[in-house]
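Visitor: I'd like to learn how to read a model like this one. Could you walk me through it?

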Amino acid sequence: MRGGNGGTAHASSNGGGSRATQRTALSERLLTRVMDWQNGRQLKILPYGRALPDPLAKRDYTLYAHVPFCERLCPYCSFNRYPFQEDHARRYFRTLREEMRIVADQGFDFSSLYIGGGTPTILLDELCATIDLAGELFAISEVSCETNPNHLRAPYLEALAPRVKRLSVGVQSFDQDLLLRMERYGMCGSSAKMVASIQEAAATVDLLNVDLIFNFPSQTEAMLRRDLALLKESGCQQATAYPLMAPAAVARTLAKSVGRVDYRRERRFYDLISEELSDTFEPASAWTFSRISEVLVDEYIVDHEEYVGVGSGAFSFLGGVLYVQTFSLRDYRAAVTQGRGLIASHRAFSPRDRMRYRMLMGLFGLRLDKRRFREDFGISVSRALPVETAFLRASGALATDTADEATLTAGGRYLLVAMMREFFLGVDQVRKQARAAVDDDELAELWRPQHLTVNDVAACRATPATLTAETVAANAGDAASPVATLR
Ligand SMILES: C[S@@+](CC[C@H](N)C(=O)[O-])C[C@H]1O[C@@H](n2cnc3c(N)ncnc32)[C@H](O)[C@@H]1O
Ligand code: SF4
């Protein structure tokens, strides 16, 4: 059991395998513990209350826009998202566009825009107006956007095809039982229906990415093989396979819906994915696979280290500082309309943290450019990060390790998946702090579609997707962890 995370398990043995596999398993356990400890220690955010710093000349920044509304909230998801209410969402999109204007007035320019959520396609007309405005304000040449399977329909695809280069759809699994447990079957429908929608979307947009999650507690190898076969059949140009992560914020709802996550199986499933996809896809990052011959368009953090986030709950990373916008939609509107884009909180990273972040992102993207590292930080990777370098070498993670670059072995790719899982769990610690600032009255109003009252919110700050009268009653007496399962 990992400390402070009731939704996961970790064992003292991975149950055999080759020496290389055992070595990776040991390394994975070690890094998980170290990163888990660091997450608790490092990622504290502090109040900020100012606008973002001005852009530096000739820097290539990415623009990220967050849309925190979903038709239904999934029990495993700890992103900033609220049940959809049209009036809130329309007001929110207007504020988002206003914030984009503020960022443009500040002198920022962007060549790429990534719109994530939540469900950005929740209001198609507002989304299109937002993309169009970004095109007017900035020199945007590439737009990526997330969506859900029920939006892969003609009106959406027709509107998005000319605007969006990479559309990413969260399938998670094609398995009916898993989708029922995830409370997504009603939205996604049968596997045949999803495959047909993906085929249509893949033929319409430039690049369609499908997100899968693997290592669900009740998932068998046969279920995963079927998911991968359907993925290939779907014709998508790219696939991202996330290991199921159990952030503390949703550990309880996750355990109740899909079960308790066991990281011991992660490596086996990851190997199976790499093997099954190898005839059709090639690795584009540690957990992204591009159909062979497709142009790589990857997640925004891999290519662009510095980014500006607009929207409630959005992160910006500039000059080694992480800026976190408020999770309160009310405070967000006030910060934009009255405060001209004030940012709620921040966290400055030390030079060493920044070098480790560069190493993580470089290797996650399959190649660490050591020459650029030296140029940017004035020191070589091995001198700056001797422990991390020794760890990767001893783990057999590095395929090439020259003065100019480091690349990964297959086992190394899995280690990076485990590192990113821990990194995201660390990011979740940041989200947890940002959520704690949203008051109960606002939450009750935001969660109204889930039939929550302010008393329920105060009694049990649980994820509304699975919050029923029964869970409210069961959780109300849990005074020890009043916020552990909230938001
Ligand atoms: C935050 S969602 C936003 C896009 C869209 N609403 C959707 O459901 O796909 C983006 C992706 O994050 C991944 N994700 C969310 N929570 C996760 C978790 N606990 N573990 C692993 N992946 C997760 C899912 O694969 C999901 O497709
Ligand atoms: S995974 Fe579910 S809750 Fe999370 S953003 Fe996507 S639809 Fe919303």
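Visitor: Of the contacts in the protein chain with a separation of 6 or more, what percentage comes from residues 24 or more positions apart?

Guide: Two residues are in contact if their C-beta atoms, placed from the backbone, lie within 7 Å. Here, residues 24 or more positions apart account for 73% of the contacts with a separation of 6 or more. Before going on: this is a predicted model, where local features need pLDDT of at least 70, side-chain atom pairs count only at pLDDT 80 or more, and totals for chains, interfaces and linings use all residues. Residues are numbered from 1 along each chain as its sequence is written, while chains are lettered from A and ligands numbered from 1 in the order in which they are written.

Visitor: How many helices and strands does the protein chain have?

Guide: Helices (H or I, at least four residues) and strands (E, at least two) are DSSP runs, numbered from the N terminus. This chain has 20 helices and 20 strands.

Visitor: Which residues of helix 12 are buried?

Guide: Buried means 20 or more other C-beta atoms within 10 Å of a residue's own, with C-beta atoms placed from the backbone. By that count, 46% of the 487 residues in the chain are buried. In helix 12 (residues 329–337) they are Leu-329, Tyr-332, Ala-335 and Val-336. Looking down the axis of helix 12, these buried residues fall within an arc of 120° (taken from the directions from the helix axis to the C-beta atoms), so they line one face. They pack against helix 2 (86–105), strand 17 (343–348) and helix 18 (440–446).

Visitor: And strand 2, why does it lie largely in the open?

Guide: Strand 2 (residues 46–50) has five residues and the number buried is zero, so it lies largely in the open. Strands of a sheet pair through backbone hydrogen bonds, either parallel or antiparallel. Two strands count as paired if DSSP finds at least two bridges between them. Strand 2 and strand 17 run antiparallel, joined by three bridges; Leu-46 has His-346 as its bridge partner in strand 17.

Visitor: What is the strand order in the open sheet of three strands?

Guide: The order is 18-20-19, with antiparallel pairing. Strand 18 (367–369) and strand 19 (398–401) are the edge strands, each pairing on one side only. Three bridges join strand 19 to strand 20 (residues 405–408), and Thr-400 has Thr-407 as its partner in strand 20.

Visitor: Which residues come nearest to ligand 1?

Guide: A residue is near a molecule if its C-beta atom, placed from the backbone, lies within 6 Å of it. Of the 15 residues around ligand 1, Glu-146, Gly-170, Asp-211, Tyr-242 and Met-245 come nearest. Strand 8 (166–172) and strand 9 (207–214) each supply at least two residues of the shell.

Methods: Buried ≥ 20, exposed ≤ 12 C-beta atoms within 10 Å, placed from the backbone.
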